[in-house]
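Dear colleague,

I am passing on the model we spoke about, and I would be glad if you could look through it alongside the notes below.

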Amino acid sequence: MEESNHQGNQDISWNNLPTELLELILSFIFLGDCIHFRLTCKSWLSLTPPLRSNCHLKKFGSEPQQLPWLMSFPGSNKCDCNLYHPIYSDAYTMNIPELAGAIVRNVKYGWLLMSHGETSFFCFNPLTREIIKLPDMEVSLLLAGISFSSAPTSSDFVVIAYVASDMFVYRRGAETWSSHFLLDNEWEFSLSLCNPVFHDGVFYCLSKNGRLGLFDPKEINEESQWRVFPESTVFSHSLDSTYMKSIRSFIVEDDGEILSVFVGLQGKPIWVYKLDLSKMEWTKVDSLGNKVLFLSHTASILVSVPAGSKGIENRIYFPRFHGNDTPFQGIYDELNSQVQSLQHKFIYPDK
C-alpha cells in the first residue's frame, strides 16, 4: 500500500484535478486570486471566463446586493487605482491613464463622474474604459456638491451641480448646462460636504444641520423646482457655530430608503436617521439590522450583508488615509482593520 500511494502521488498533477472541485474553488476566490488561478495551467484557464468581462468584480451578482469594491488612488502615480474588497481582503491595482490629473466627483451605477479642474466634466466606466464627455461649464466654479440620476448611457441621464445659491443642470443630449437660482437659499439652506442623492425623480440635498432641500429637474417653473423642508432640521445650532462646523454629515439612498448620518468631533458621537417620506422628517435609527454603511463625501452606499458574510452587519465604515496617498478622491479609501464599538453598536475604524 505504501508503494501504491507513492506511485499515485507521482501521477497526480494540477491539471488532473476534478472539474467539480476546481469550480468549487473558483466560486470562493476574487479578482486577484482568479488571475493566479488562470495562470496555473491551461486546463484551469479553460474553466474561467475572460477577465475582460469583469465577472469577478461582480462576485455577488446573484445576491440581493453586492458589496462594493473600495477604491483609492496612490499619490505616487495618479494613473493607478487600488481596488480592495472590504471583507475578503482581495486587492487589485489597475493602471488607467484616462484618470491622470482628473478628480473623482461622484460614483454610481459603476460609473465615475470626473472632472479636469472645475469646468471640464466627463463620465468614465473603469471596467469597460468607456468615456462620455459632458459639455464644459462656461466659468470655473467651486462646487459644493454634484450628483447624477442614472447611468450616463440612459436617456433620462441628468447631472446637477450645486454652487452657493445656484444649481447647474445638464441633461443628456444638451449642448450646455442650464442655470437655476435657488430662491432665498443662503438664508435657509447651507449644503453639507456630501453629494446629493437621487430618488423617485428628485435630488435630495442635505444641509449641515440636517435640513432637506429637494430639487426637481423636471419642473419648468423655478419657484417649484427647489423646496426646503424646515421640519427636517436635526440641529438647532447656528450653521456658523463652532459646534456645527465640527460635525460631518452624509446622506445615502438605497432602494427608496434614505438615511442621514452625522458624526461629531473625533468620530463621536454618531447619529443615524431615516427619512419619513410621508412627513419629510428624520426619525432616529438605533440599528442597521443586517445592513452595512460605507460612507464618504463622494458617494455613500448602504448594502445588505450577503449570505456567508455575517459579522459585518450593523456597522458603519468611514474612509481613512494610509501611507502617502493623495487626498481622498475615490469611492472609499482602504479601511483600517481595527475597530472600536460606539453608540448603537455602530463601528468605525480606529485612528
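Which residue's side chain does the side chain of Lys 291 meet in a salt bridge? The partner is Asp 254, at 3.4 Å from N to O, where a salt bridge is a side-chain nitrogen of Lys or Arg within 4 Å of a carboxyl oxygen of Asp or Glu.

Before going further, please bear in mind that this is a predicted model, in which local features need pLDDT of at least 70 and side-chain atom pairs count only at pLDDT 80 or more, while totals for chains, interfaces and linings use all residues. Residues are numbered from 1 along each chain as its sequence is written, and side-chain values use heavy atoms, with hydrogens and water left out.

**Salt bridges**

The structure holds seven salt bridges, and another of them joins the side chains of Glu 98 and Arg 129 at 3.8 Å, N to O. Glu 98 lies in the loop between β3 (91–95) and β4 (103–108) and Arg 129 in the loop between β6 (120–124) and β7 (131–133), so this pair ties together parts that are 31 residues apart in sequence. Glu 98 is partly exposed at 27% relative accessibility, and Arg 129 is partly exposed at 35%. Arg 129 also has a phi near 65 degrees, a positive value in a residue other than glycine.

A further salt bridge is formed by the side chains of Lys 218 and Asp 216 (3.1 Å, N to O); Lys 218 is exposed, with a relative accessible area of 57%, whereas Asp 216 counts as buried at 14%.

**Surroundings of Gln 225**

Asp 216 is one of the residues that Gln 225 touches, among them also His 180, Leu 214 and Phe 215, when residues up to four places away in sequence are not counted and contact means heavy atoms within 4.5 Å. Gln 225 is found in helix α6 (residues 222–225) and is buried, with a relative accessible area of 2%. Its side chain makes a polar contact with the side chain of His 180 at 2.9 Å, and the side chain of Gln 225 also reaches the backbone oxygen of Glu 219 at 2.6 Å. A polar contact is a pair of N or O atoms within 3.5 Å; within protein, one must be able to donate a hydrogen and the other to accept it, and residues adjacent in sequence count only if both atoms are side-chain atoms.

**The sheet from β8 to β11**

Four strands form an open sheet in the order β8-β9-β10-β11, with antiparallel pairing, where two strands pair if DSSP finds at least two bridges between them. The edge strands, each pairing on one side only, are β8 (145–148) and β11 (178–181). Strands β9 (residues 158–163) and β10 (residues 166–171) pair over six bridges, and Met 167 in β10 is the bridge partner of Tyr 162.

Key:
Helices (H or I, at least four residues) and strands (E, at least two) are DSSP runs, numbered from the N terminus. Buried means under 20% relative accessible area, exposed over 50%, partly exposed in between (1.4 Å probe, protein chains only).
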